[in-house]
Structures are given as C-alpha cells and as structure tokens.
Amino acid sequence: MSSPDAGQTQLGGPGPGQQLPPSGSGQPHPLGLGATTAQFGAEQPAGPPSGPFAGPQGPPTGQYYLPPGFPPPPAAPRPKGRGKVVAGVAALVLIVGGLSGGLGGYLGYTFANDSTSVSSLDSPRPASQASNAPAGSVEDVANKLLPSVVQIQVTTRSGAGEGSGFIISGNGQIVTNNHVIEGAAAGGDIKVVFHDGKTATAKILGRDPSSDIAVIQADGVSNLPVVQLGNSGDMKTGQAVVAIGSPFELSGTVTSGIVSSVNRPVSAGGDRNSQATVLNAIQTDAAINPGNSGGPLVNMQGQVVGINSAIYSPSQGQGQAGSVGIGFAIPMDQARRTIDEIVKSGKPKQTVLGVKVESTEQGAKISEITGGGAAEKAGLKAGDVITKFGDRRIDESDTLVAAVRSKAPGDKVTITLSDNRTVEATLDGVEVG
C-alpha cells in the first residue's frame, strides 16, 4: 500500500501561526506589500525625501492611515502640464519595459535553442557490447548450459505439472527427477520444450523412485547440444555453483550461489517418513523453486555436479513453497551410475546393506536383518548400533541410509559399531523401477 504524499504544499492562505493584520490597523503587511486602498487620499507629512529612489523634490514614501471618522482633506491643485509629462514618462517606461522584456524573451529563446549544453538524448547510441564473458563467470556458465536445459510439461487425467531436465545425448535422452514424470508413468503425456522454443513429445526410458532419478527420450530430434558431467565428490563447502531450470514455468532461469553443505541426508520426492527415498544431497543457497526439479546444478567450469531435487520451506500453508536459500541436489557421482543403468537396461539398481535401522543417541540401531544380505554376511546382528560407515560419522538412521546410497553395488566398506568393533561389508544391489 502506497503512503500519502508527504511533499504536498498547502495553498490558499497563510501557513500555520501566520495571521494577516486587519485592514486599517496601521501594521505593515507581513508579505512586504506596498500601498493599500487606505493610503490614497492621506495627508502627506512634511519632511525630507527618503529612500534610495526618491528625487530631490519627491514626496516622502511609506504607508499612512487616517484616524477613524476623519474625512480626507481636499486634494491640492495639480500643476498644469505635469500630467502629460508624467504620463509620457510612464508610457516611456512601459515601452522600454516592453522592449526589454521582448528582447530578453527573444535572447532567452535563442540561447535555449542555440545552447551547447550536453543532453543525453543528443548523445549517440553506444555500440553493441560483444558477449565476451570471462571464463568461469556466471554468464559464461549460462551461455554453455542454457541450450542443453529443457522444460518438461506433464499432462495426466488428474492434472498437469512441470519441471526441468538436461540433455545427455544428441538423440534426445534427457535426465530429470522421478517425481517430475511419475504421473505420466500410469498414463499421461510428456512434452519437452527446448531452449530455442521447439517442442517434442517424450516417453519414459526408466526411473528410480528411491533415488528420484528418471531418464526420458524425446521423439524425432537429433544433434542436440549435450551437457558435460562433472565430479560431485570434488565439491567443497563455499564453492560457487549455478542452478538452471524453469521455476514457476519461467524457462531458462539462471540463479547462482554456493555449496552450503555436502553429504546432507534428505528425503527425495518430498516423503520425509520414508527411508526408501533418502539421498546424500548437496545443499546450496542458489535459488531453487517449484519447476527447478530435474534441472542441473553446475560448477563454474560448466559441468553438471548435481540434479536439483528438493527445497526446504518452513511454510505450513496450502500455497506452493518458495526458496528460502536451502535447496538440495542429487550428487552427480551417485546419479551417474543410476542414469547409466537406465540408459543401458532400463533397470537401475539400488545399493543396499540389508538392514532396517532406527535412530538412537549413539547412531543407527539395526532393528532387522535381511537374510542373506550384506549385513548378515558381514556378521552384523539386530541390536548392533552403527556409529561409522567408512570414514563418515553416523549420528542417525537417515545418515546411514544416505551413506549407503552414495556407494555402488559391490563396494566394500568398513563399519564401526558402538562397542568399537569393526566389520567389513560388501554392499549389494537390488533392481528398482
């Protein structure tokens, strides 16, 4: 709501506290006005002339008022011939004044039109700037990545949604989040909008709900610009990153920030109560909003180091959440394996330890062991409390799940328990999707 205009000047009378004297009071006018109607016909007192413009024989100047009830005295006879002279002088003054005023106006007009003062409107338009973005700048990263980032529109019987994705092959393979396209898995249409405005239909190649990763195939396209995949394991807290996507249907939006944290356990797909979707995320303060899901998180070399997947929002209302500077991306080292499995077979594998766990003050307590799984083969039992997974401290159950997901099936890892025992486990893989 706009505020009232505080700079308005009040017109039509004196300001506060200022009063004009009553007519005939003998007090001078506060604005310095000259003679009033009460002055005419007043008796002129004798005395020497005064004032800077008084002549040697001129009458005295000043403002004089008659006492109440006294009639004005008869006027003195006017000398013959003087009126014409005075009138002539007045006419001369008016003529000279008019002439000088006209001359001044003409000179002012001429000066205004012939002035050599500088005007922005007279300056020539500057030459177009060449796009020579410094290497490693946000502009440079945007120039590299924008042609390879797409908007994804999904239409189902129950409604419509949209998200983002990035191109990994010239023939139209596009990576996105599972939660962006999962509505179409049960029957729906997927449309891809490219950076140049062209569109194409698409189908699902494969998806992994547990890691919130999916790959779709755009139809009838070729020679598309592809992204370069980077190493998320090299990311450090404080490192600059860029997020690209289509927040709130604003395609091609670029935001920048830093890596706020790494190895952050986060439930992908928004299900905070399910450990099946916990991922080992990169946290960033680059603005990520609804519609950014599936878009790339990029380092300053223009390499994709993560897939934007989730945001934290303290709002409990019914409206859409927005960025508060806490966003999460799936690390590319974890995503790359899943993407490769989807492209090659359509059946990604989820890395598992073969346990169910719950949080305790010491770490992650094993509540159930899967028969024949990696944990049982390593000698772990129900009731054991895991405090370290490799070199990573385990402070709760989600941290253990995220740590397991960050590995690949077949990886060997040393597990430390609360009683200081250590065991070595070889992780398993289970097909999903």
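Where is leucine 353 found? The legends below start there.

**View 1. Leucine 353 in its loop.** In this predicted model, leucine 353 sits in the loop between strand 14 (349-352) and strand 15 (355-359). Leucine 353 has a relative accessible area of 4%, so it counts as buried, the cut-off being under 20%.

**View 2. The surroundings of leucine 353.** Setting aside neighbours within four places in sequence, leucine 353 is in contact with Gly373, Ala374, Ala375, Ile386, Val404, Ile415, Ala425 and Leu427. Look also for leucine 400, which is 47 residues from leucine 353 along the chain, with 9.7 Å between their C-alpha atoms.

**View 3. The largest nonpolar core.** This core has 26 residues, and those with the most contacts inside it are Leu145, Phe166, Ile307, Ala335 and Ile339. Among the elements that give two or more residues to this core are helix 2 (138-145), strand 12 (303-311) and helix 4 (332-345). Helix 4 gives the most, with four residues. Not counting residues up to four places away in sequence, alanine 335 touches Ile213, Ile307 and Ile330. Apart from this core lies another, of 20 residues, including Leu353, Ile386, Leu400 and Leu427.

**View 4. The whole protein, for orientation.** Stepping back, you can pick out six helices and 21 strands. Of the 433 residues, 34% count as buried. Among contacts with a separation of 6 or more, 60% come from residues 24 or more positions apart. The accessible surface comes to about 25400 Å², and 53% of that belongs to carbon and sulfur atoms.

Notes: Residues are numbered from 1 along each chain as its sequence is written. This is a predicted model: local features need pLDDT of at least 70, side-chain atom pairs count only at pLDDT 80 or more; totals for chains, interfaces and linings use all residues. Side-chain values use heavy atoms; hydrogens and water are left out. Buried means under 20% relative accessible area, exposed over 50%, partly exposed in between (1.4 Å probe, protein chains only). Contact means heavy atoms within 4.5 Å. Accessible areas come from the Shrake-Rupley method with a 1.4 Å probe; for residues, only the protein chains shown count as cover. A nonpolar core is a set of buried Ala, Val, Leu, Ile, Met, Phe, Trp, Tyr and Cys residues joined through side-chain atoms within 4.5 Å.
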